[in-house]
Amino acid sequence: MADDLGDLWWENQPAAASSPEPSGGEEEGDTELMQQDTASVPEPPKETKQTKQPTECFLRKPKETKEEARKTKKWKKRKISDILAKSEPKPGTPGDLQKLIKDHYSGSRSIVELEELNLPDSCFLKANDLTHSLSSYLKEICPKWVKLRKTHNEKKSVLMLIICSSAIRALELIRSLTAFKGDAKVMKLFAKHIKVQEQVNLLEKRVIHLGVGTPGRIKQLVKQDGLNLNPLKFLVFDWNWRDQKLRRMMDIPEIKKEVFELLEVGVLDLCKSESLKLGLF
């Protein structure tokens with residue numbers, strides 16, 4: 001009987017007695033789940049001293065070929081401004097012209113022929129030492145100019161030729177001749193704005209004492225029989241003057257070639273016969 005009453009008492013207990021654990025237990029369970037989720041995310045690796053840094057990549061410059069090196073060296077040799085920046089320009093000498101003649105013909109002439117090209121020292125006039133104006137230089141090398149021009153009466157010829165690199169330079173030289181030329185007739189002998197036939201006609205009609213021009217046009221006049229070189233007494237090269245690129249007339253390949261072609265049409269022969277004198281201004 002007592003046992004039955006005990007069981008009945010337990011059955012009539014309020015439902016709270018058999019309720020689950022308080023809410024505090026749920027929070028603890030949630031905390032555990034959060035910890036598990038957090039633990040499942042991998043942490044980034046920490047940098048250590050052994051971590052390799054990215055290395056720089058350098059591109060190696062290809063080696064210069066022999067052909068490229070030769071072209072570079074050749075170009076540097078032609079840069080005259082670099083040479084003049086280190087040393088003052090020196091005045092030209094007869095030996096400079098002699099050397100150019102020998103170098104120019106060395107590849108096409110025999111040793112005997114090269115010796116025949118050597119000009120006698122007597123055909124060279126005193127060279128300009130860079131202290132003269134054109135008029136003062138011509139007065140020094142040709143003190144009898146007044147007498148020569150008075151006796152000259154041959155057409156298609158001149159007594160003196162001044163050879164320069166361009167038409168503009170020729171005009172400058174003509175303007176600087178005032179103190180020397182006197183009453184002499186001076187003629188422009190270049191190609192700019194002047195036709196060859198016009199110059200041929202003028203030489204046939206008038207007596208010209210002095211011509212100033214470029215080697216190419218003078219050579220053309222000689223070949224067309226418009227200019228006779230036999231009466232020529234003085235041939236002066238505008239040797240020391242330099243253009244904006246610091247080049248002398250013989251430093252310009254085109255002008256240099258025309259100068260040698262002019263020498264071949266009779267100038268060298270006249271020099272050897274000592275009837276023609278050469279000057280380097």
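Reader: Which side chains meet Glu-172 in a salt bridge?

Author: The general idea goes like this: side chains of opposite charge can pair when their charged atoms come close. The cut-off is a side-chain nitrogen of Lys or Arg within 4 Å of a carboxyl oxygen of Asp or Glu. Here the side chain of Glu-172 meets that of Arg-169, at 3.2 Å from N to O. Both sit in helix α9 (residues 167-175), three residues apart, about one turn of the helix. Helices are DSSP runs of H or I with at least four residues, strands are E runs of at least two, and both are numbered from the N terminus.

One caution: this is a predicted model, where local features need pLDDT of at least 70 and side-chain atom pairs count only at pLDDT 80 or more, while totals for chains, interfaces and linings use all residues. Residues are numbered from 1 along each chain as its sequence is written, and side-chain values use heavy atoms, with hydrogens and water left out.

Reader: Is Arg-169 buried or exposed?

Author: Buried means under 20% relative accessible area, exposed over 50%, and partly exposed in between (1.4 Å probe, protein chains only). Arg-169 has 10%, so it counts as buried, while Glu-172 at 32% is partly exposed.

Reader: What about Arg-247 and Asp-243?

Author: Those side chains also form a salt bridge, at 3.1 Å from N to O. Arg-247 is partly exposed at 27%, and Asp-243 is buried at 17%. Shared partners also join Arg-169, Glu-172 and Asp-238 into one network of salt bridges. The structure holds nine salt bridges.

Reader: Which residues have the most contacts inside the largest nonpolar core?

Author: A nonpolar core is a set of buried Ala, Val, Leu, Ile, Met, Phe, Trp, Tyr and Cys residues joined through side-chain atoms within 4.5 Å. The largest has 42 residues, and Ile-101, Phe-237 and Leu-278 have the most contacts inside it. Helix α13 gives the most to this core, with nine residues. As for Leu-278, its contacts include Leu-97, Leu-119 and Phe-237, leaving out residues up to four places away in sequence.

Conventions. Contact = heavy atoms within 4.5 Å.
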